[in-house]
Amino acid sequence: MHPLDLVTDLRTFLPLEAVLYESEDLKAYECDGLSAYRQMPMIVVLPRTEDEVIRILRICYTSKTPVVARGAGTGLSGGALPHATGILLSLAKLKQILEIDPVARTARVQPGVRNLAISEAAAPYGLYYAPDPSSQIACSIGGNVAENSGGVHCLKYGLTVHNILKLRVITMAGENLEIGSASLDSPGYDLLALMTGSEGMLGIVTEIIVKLTPSAEKAQVVMAAFDDICKAGNAVANVIGAGIIPAGMEMMDKIATRAVEEYVHAGYNLEAAAILLCESDGTVEEVADEIRRIDEIMKKSGAIEIKTSRDETERLRFWAGRKAAFPAAGRISPDYYCMDGTIPRKSLAHVLSGIERLSTEYGLRCMNVFHAGDGNLHPLILYDANQPGELEKTEEFGAKILGMCIEAGGTITGEHGVGIEKINQMCLQFSNGELKIFHAVKAVFDPEGLLNPGKAVPTLRRCAEHGAMHVHRGEEKFPELPRF
Amino acid sequence: MPRAPIKSMQNIIDQSVNTIRAAAERKVPLHICGGGSKEFYGNHIIGQNIDMLDITAYSGIVVYEPAELVITARTGTRLADLEAELHEHRQMLAFEPPHFGAAATLGGCIATGLSGPRRASAGAVRDSVLGVRMLDGKGDDLRFGGQVMKNVAGYDISRLMTGSMGTLGLLLEISLKVLPLPPVELTLSLQMKEADAIEKMNLWAGKPLPISATCFYNGALTLRLSGAEAAVRAAHTKLGGEEMAEGAAFWQSVREQTHIFFQPDKSLWRLSIKSTTPPLSLPGQQLVEWGGALRWLISNADVDAETVRAVTGAASGHATLFRAGEPSAARFHPLAPEMMNIHRRLKEQFDPMGILNPGRMYPGL
Ligand SMILES: Cc1cc2nc3c(=O)[nH]c(=O)nc-3n(C[C@H](O)[C@H](O)[C@H](O)COP(=O)(O)OP(=O)(O)OC[C@H]3O[C@@H](n4cnc5c(N)ncnc54)[C@H](O)[C@@H]3O)c2cc1C
Ligand SMILES: Cc1cc2nc3c(=O)[nH]c(=O)nc-3n(C[C@H](O)[C@H](O)[C@H](O)COP(=O)(O)OP(=O)(O)OC[C@H]3O[C@@H](n4cnc5c(N)ncnc54)[C@H](O)[C@@H]3O)c2cc1C
């Protein structure tokens with residue numbers, strides 16, 4: 001269908017300002033949080049109701065127009081990167097909190113609602129929405145569902161998949177699916193899990209029932225500094241070995257510590273090779289008990305300095321550093337590239353020393369922040385896109401980090417998704433048989449392949465062409481890398 | 001636990017692949033066998049000349065590193081052996097799965113997706129599942145998810161397999177998140193009416209209290225508190241109630257359905273509904289779990305399935321005929337037509353010949 005005919009059709013039920021097609025209007029949508037990839041969409045539509053979403057999808061389905069969903073556009077894997085001949089479907093105007101049920105501890109919300117807005121609305125009832133991505137002031141709950149987003153508290157409180165009960169989903173054909181329910185389980189296959197983290201490939205989420213968690217009576221954080229990254233890694237294992245599940249357990253390496261300290265003055269030890277933040281929350285009694293034990297373990301694990309937050313202001317100050325890691329990277333480097341591999345924690349020292357070698361080899365600095373409790377590593381590669389060839393080098397460096405994560409028995413993405421960014425690495429992590437199953441699942445929901453085409457799952461052909469790099473599960477592991 | 005040589009384990013996989021391929025060729029239904037402990041659950045497999053595919057020999061723990069909070073085991077592993085191993089390291093399966101017999105296997109536990117008393121506070125089976133290795137209906141050996149806590153590469157096939165009753169694939173290995181055992185557990189009993197109990201359970205679930213299980217039956221609300229000694233004592237003071245001496249045995253009886261309420265010769269319905277639903281008026285006796293979100297119904301007079309399903313449906317839930325003398329009604333709650341469509345198409349993709357436990361869940365799956 002000609003773009004202008006499509007615009008005409010859409011405007012039969014959408015106001016002028018909800019259908020954008022002039023390039024100056026489209027510009028704002030050409031990329032998500034991964035700005036290295038840019039593409040102008042053909043048309044942007046901004047529906048205000050579920051009914052409008054259905055009508056838009058039906059038109060696109062009939063005219064075989066690709067559709068890419070977009071929440072707040074904070075994604076870090078290019079999941080919301082537009083399609084050149086497609087529609088970018090922004091869910092940003094569906095931003096109503098429809099219902100809060102304080103007794104059942106649930107909130108029913110539209111997909112464009114910001115993550116933090118749910119917690120703010122629940123706060124008067126002593127409740128909050130637990131998954132807290134660092135982007136929570138901006139990112140949408142629909143985007144969280146599509147990426148199965150996590151946060152610093154997810155070791156104890158779970159990821160998005162553990163904190164949602166029900167979805168309303170519109171398929172590409174415009175059919176309405178009710179997946180999950182207000183009860184704790186549902187008959188049939190677990191389609192709620194299948195939809196969560198499906199990166200806008202299977203359907204458009206138009207309504208979500210999330211679980212709300214009672215706010216803890218108290219939270220306190222221990223900040224421990226180590227002169228050696230291995231010692232810090234062991235401290236993490238010792239805490240867990242002692243039967244403690246901390247509310248948060250974050251690690252930063254030396255470059256990261258220095259960058260954020262200069263920026264927010266959190267009081268971090270600048271001589272440390274690694275800083276650990278370990279939080280306890282719960283009842284006053286529980287926290288007192290746990291903090292005492294954590295403090296002891298940190299000492300025994302060889303911490304060179306330990307500070308325990310004395311009040312809420314200090315607790316927030318200790319966290320401010322970790323939460324400012326990304327902007328701090330942006331301050332010390334024109335550009336940075338955030339990786340998202342997950343590894344078994346025991347491989348931490350091994351993988352970090354590998355990253356250090358690669359950093360020297362590529363002549364690019366890399367700062368590491370780490371969701372240490374659950375093994376999710378965020379190396380931030382610092383580069384300058386204006387230097388010819390530096391982005392390519394950065395991508396190569398990043399790809400090798402992901403290779404190391406797979407080798408260590410981990411995964412190429414812990415929470416940011418595959419999107420367009422890690423599509424080649426999917427060929428490393430999965431066999432053709434497994435990729436075929438992913439394509440088959442996609443075909444169940446979207447036989448025409450119109451939703452977010454080209455993302456999340458590579459074609460088998462692409463993997464074959466990517467063959468030079470195609471090593472699968474240690475059959476032929478990165479022979480060019482030194483063994484360590 | 002003794003570890004079997006890898007080679008003989010590979011033989012079992014090879015044999016299973018052959019069995020599946022041969023069955024697919026001849027379109028013969030396969031009955032996937034775990035320990036048979038949950039044989040009573042679900043519908044009968046539909047078809048003629050059903051072949052058995054016994055996976056119990058494929059057993060043993062593959063990797064268990066307590067500090068990683070992850071265990072990977074073969075599906076023929078007895079649930080009791082697996083839990084014993086975790087116990088030795090003061091860890092547990094957070095979802096407290098029912099065994100319903102000593103023969104219960106990990107495969108049956110994952111395939112049925114049944115969780116026990118701790119579910120409302122610590123999550124269901126699917127919440128602990130991190131990864132699977134499986135054979136699909138073509139005999140392809142596939143792995144999804146992994147052994148790490150966070151993994152969003154590809155669709156979440158591991159959780160899709162959980163609770164699919166063996167209709168989408170033969171599960172070979174499962175990776176699970178495990179949790180430390182709580183240092184202290186204490187069981188309290190409070191006398192009250194059902195309506196008050198449901199109200200209280202919901203109210204308390206909204207407060208930062210260390211409640212790890214709830215059960216209402218016959219005028220008594222029983223609560224389990226789990227956590228640090230000081231926290232558990234403080235909560236006891238706040239909540240009041242009598243401490244129950246045989247607390248652990250009580251929860252075991254609820255989990256394994258040996259509690260006096262569960263009379264094996266009568267039909268048992270499992271009603272999963274919104275937790276705040278007031279007492280359901282249905283003929284028979286009820287036992288409430290999961291903070292009000294799970295109601296068990298024992299019916300004397302054969303209550304008709306349609307009534308039970310209508311009442312639970314109105315409470316945003318669903319009803320399963322959990323145990324029945326005669327398999328009269330379909331066991332699982334009917335799905336909306338558009339959802340059934342999606343289920344059928346998924347089945348076609350994972351098991352194109354329709355040979356894996358056909359009909360065990362729904363006709364046509
Ligand atoms: C500074 C910063 C910090 C971050 N920190 C974290 C973190 O701690 N943890 C974490 O997990 N992530 C983090 N992220 C990544 C990002 O915020 C999350 O992935 C977030 O969930 C994306 O939400 P969004 O609304 O911006 O989605 P978008 O970027 O707009 O879209 C993401 C994907 O979801 C799809 N989608 C969006 N809405 C819908 C819908 N309604 N239905 C179907 N599909 C939809 C899109 O098609 C796309 O594939 C961070 C990002 C930034 C920039
Ligand atoms: C002639 C005959 C005689 C029998 N005699 C006895 C007897 O004396 N005693 C007895 O206990 N049983 C008996 N049975 C039942 C038989 O032993 C059970 O059917 C068998 O043990 C299977 O148990 P289950 O699959 O229900 O296992 P459970 O462990 O109870 O499994 C429950 C569910 O999970 C599925 N499942 C289990 N493991 C996997 C896996 N790895 N991958 C995918 N799905 C899985 C099963 O298919 C089933 O749907 C008999 C059956 C026949 C046909």
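Biologist: Which residues of helix H1 in chain A are buried?

Modeller: In this predicted model, Leu6(A), Val7(A) and Leu10(A) of H1 (residues 3–11) are buried, meaning under 20% relative accessible area with a 1.4 Å probe and protein chains only. Helices are DSSP runs of H or I with at least four residues, strands are runs of E with at least two, and both are numbered from the N terminus.

Biologist: Why do they line one face of the helix?

Modeller: The buried residues of H1(A) fall within an arc of 100° seen down the axis, so they line one face; the arc is that of the directions from the helix axis to the C-beta atoms. An α-helix has 3.6 residues a turn, so residues three or four places apart point the same way.

Biologist: What do those buried residues pack against?

Modeller: They pack against strands S1 (19–20), S2 (43–45) and S4 (87–90) and helix H3 (50–62) of chain A, contact being heavy atoms within 4.5 Å.

Biologist: Turning to ligand 2, which polar contacts does Asn357(B) make?

Modeller: A polar side-chain atom of Asn357(B) lies 2.7 Å from an oxygen atom of ligand 2; a polar contact here is a pair of N or O atoms within 3.5 Å. For Ile32(B), a backbone N or O atom lies 2.6 Å from a ligand oxygen atom.

Biologist: Which element supplies the largest share of the shell?

Modeller: H3(B) does, with four residues.

Biologist: How is the numbering set?

Modeller: Residues count from 1 along each chain as written, while chains are lettered from A and ligands numbered from 1 in written order. Local features need pLDDT of at least 70, side-chain atom pairs 80 or more, while totals for chains, interfaces and linings use all residues, and side-chain values use heavy atoms, without hydrogens and water.

Notes. Buried < 20%, exposed > 50% of the residue type's maximum accessible area, 1.4 Å probe, protein only. Polar contact = N/O pair within 3.5 Å; in protein donor to acceptor, adjacent residues only side chain to side chain.
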